[in-house]
Amino acid sequence: MTLNDAQNRVIAELPDGADGIAMYEHLAALGRQAGPADDRLRTEAHALPGCQSQVWIRAAVSADKLRFEADSDSLIIRGILVLLLRVLNGHSPADVAQAELYFLDRAGLSRSLSPSRANGLATIVRHLQHLAGALAEQDSARDRSPPA
Amino acid sequence: VDVRAVRADFPILQTTISGKPLVYLDNAATTHKPRAVLDRVHAFYAGSNSNVHRGVHQLSEAATETYEAARETVRRFIGARSAREITFNHGTTDAVNILADCLELEQVGPGDEIIVTEMEHHSNLVPWQLVCQRRGARLVVLRFADDGMLRLDLLENLLTERTRLVAVSHVSNVLGRINPVKEVVARAHARNVPVFVDAAQSVPHLALDVQDLDCDFLAFSGHKMYAGTGIGVLYGKEAWLERLPPRRYGGGMVESVDLEASRFGDLPFRFEAGTPNVAGAVSLAAAVDYLAALGMADVRAHEQTVMHYAMERLAALSGISMYGRGPDKCGAISFNLEGVDAYDVALVLDKLGIAIRSGTHCAAPVMQHYGVAHCLRASFALYNTTEEIDALIDGLQRARAVLS
């Protein structure tokens, strides 16, 4: 499944944004199912500064496939993180860094959040893509470096 | 207070949010503005707008008169001895920063101490931290008890011969309890220590008399008491203001200038460099007139009815932690609901048309005191009703159902 296929699937799955509370119910349920991450993720080193609720994110690559782990104290934000990870995980760091994440707007997610929350969401997305970009760069630097 | 009539005075209260009537419980952040305030600001710009203290033309004189009349209105409202003691600025944060700048060189040296309390809003904490850092002085913290009461019993031991100032809020924006400011002043004065009172959260709710409190400095914001944003007051006893050097310079605050040196003007103008917020002062005077017409005693009585009802209904919720429980409540109630994140709750409430605040409320040390990352805060104004408290309680229960 391509990254955009994954986005389209998430859009189809979400309740249409008419009633904000239905959206929150859905996101909270996703967040609850995911459960809190273990304490190795929830540390200062992985904390995303500047968000209204605490958010922790870390990224790892293996065989050119990116894998994020993420968590938040807020069930609603954790639910959004579940969706973001569903879309982004398993793709190459370069693809993730360059992805245009249209599903957030199209599914009414950004709209149903308060402006400060929507800002927070933008911060999270920027951070995810920044981490992906950094990992993609490491990769290409490794490719360019002469064999030891 | 006839709350129905009062509500009709505030156009924004007719707003609907997500199709539901607005229940506005974020008044500690800012209050709404009655038509009387909006009309006066409009009339000022439409009819007598001009710069003040500058021109001899009629509009300038009219604007100057209006501006100085606003100062007199504020003087009367807080019981200051003289209008020379009332300086206008942008708001409480601005006022604290101005005062900190003015006191820094005059009052604070290496090894000196400034006392603040654990419950201060960041704006009455950070400026003093910075003064202490720059001057090699020490910031001393007066703690509060878990019920939100200031530990007045600890003050005596904190006051030393190195203490240069006590900075204390009249009412905390989180805990919402009325601090015994008069006693703080009496104890500090017994050691010749001046006291600054952050009254941002008390002036909208309580009849206040600076001569009775006997504080040396006091500040508050217009926008938290039904006036526009960007206008605030720093009161200072005349003897203190005479002594303090101004730290902002420019037009309006000088008596004479040549290329070598300048002489500063008289009080209170020397603390108001540049064109002041004249329309803001007009709105503040209009807000004071509005409150004075209702009577602060009646305002307080109505708000206490709503506050008591809210405390009672909230306390009955299962799994609630309330921060600052006890008598002498004023303005704000802060709390958390077990098992649900404060931000999530505020988000769900917003969809129900209920505006309350979640976060650290610019008082991180208060969160640290209770060991929580953040909390919810419902805060009241004179237009709130017990029906709105019912809506809040229903909303909290709905939020809990959505989130667990």
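**Notes on the fold of chain B**

1. Helix H11(B) passes helix H14(B) in a right-handed crossing. The model discussed here is a predicted one. H11 covers residues 296-315 of chain B and H14 covers residues 386-403 of chain B; their axes come within 9 Å and cross at roughly 20 degrees. Since angles under 35 degrees count as roughly parallel, H11(B) and H14(B) are therefore roughly parallel to each other.

2. The residues that form this contact can be named on both sides. H11(B) contributes Val306(B), Tyr309(B), Ala310(B), Arg313(B) and Leu314(B), while H14(B) contributes Thr386(B), Ile389(B), Asp390(B), Ile393(B) and Leu396(B). Sorted by class, the contact of H11(B) with H14(B) holds seven nonpolar residues, one polar residue and two charged residues.

3. Met322(B) stands opposite Phe335(B) in E14(B). In general terms, strands of a sheet pair through backbone hydrogen bonds, either parallel or antiparallel.

4. Another open sheet has seven strands, in the order E4-E10-E9-E8-E7-E5-E6 (chain B), and here the pairing is mixed. Its edges are formed by strand E4 (86-89) and strand E6 (138-142) of chain B, each of which pairs on one side only. From one strand to the next, the twist averages 20 degrees.

5. Which strand is joined to E6(B), and by how many bridges? Strand E5 (residues 113-117) of chain B is joined to E6(B) by five bridges, and the two run parallel. Thr117(B) has Leu142(B) in E6(B) as its bridge partner.

6. The axes of helix H4 (residues 92-107) of chain B and helix H5 (residues 126-135) of chain B come within 9 Å, crossing at roughly 20 degrees. That angle makes H4(B) roughly parallel to H5(B). H4(B) passes H5(B) in a right-handed crossing. On the H4(B) side the contact is made by Val96(B), Asn97(B), Leu99(B), Ala100(B), Asp101(B), Leu103(B), Glu104(B) and Leu105(B), and on the H5(B) side by Pro127(B), Trp128(B), Val131(B), Arg134(B) and Arg135(B). The contact of H4(B) with H5(B) divides into eight nonpolar residues, one polar and four charged.

7. A hairpin joins E11(B) to E12(B) through four residues. Strand E11 (residues 254-257) of chain B and strand E12 (residues 262-264) of chain B run antiparallel, with three bridges between them. Val254(B) has Phe264(B) in E12(B) as its bridge partner.

8. Most residues other than glycine have a negative phi, and most peptide bonds are trans. The peptide bond from Leu267(B) to Pro268(B) is cis, with omega near -5 degrees, and Pro268(B) lies in the loop between E12 and helix H10 (278-294) of chain B. Ser18(B), a residue other than glycine, has a positive phi near 50 degrees; Ser18(B) is placed in the loop between strand E1 (16-17) and strand E2 (20-21) of chain B.

9. As to the chain overall, the secondary structure of chain B comes to 14 helices and 17 strands. The C-alpha atoms of chain B fill a box of roughly 70 × 55 × 35 Å along the principal axes. The radius of gyration of chain B is 22 Å, which agrees with the value near 22 Å that a compact globule of 404 residues would have.

Conventions. Residues are numbered from 1 along each chain as its sequence is written. Chains are lettered from A and ligands numbered from 1 in the order in which they are written. This is a predicted model: local features need pLDDT of at least 70, side-chain atom pairs count only at pLDDT 80 or more; totals for chains, interfaces and linings use all residues. Side-chain values use heavy atoms; hydrogens and water are left out. Axes are lines fitted to C-alpha atoms, for helices over the stretch in contact, and angles run from 0 to 180 degrees between N-to-C directions. Angles under 35 degrees count as roughly parallel, over 145 as roughly antiparallel, 65 to 115 as roughly perpendicular and the rest as oblique. A crossing is left-handed if the near helix is turned anticlockwise from the far one by less than a right angle, and right-handed if clockwise. Contact means heavy atoms within 4.5 Å. Ala, Val, Leu, Ile, Met, Phe, Trp, Tyr, Cys and Pro count as nonpolar, Asp, Glu, Lys and Arg as charged, and the others, Gly among them, as polar. Two strands pair if DSSP finds at least two bridges between them. The radius of gyration is taken over C-alpha atoms; the globule rule is 2.2 Å times the number of residues to the power 0.38.
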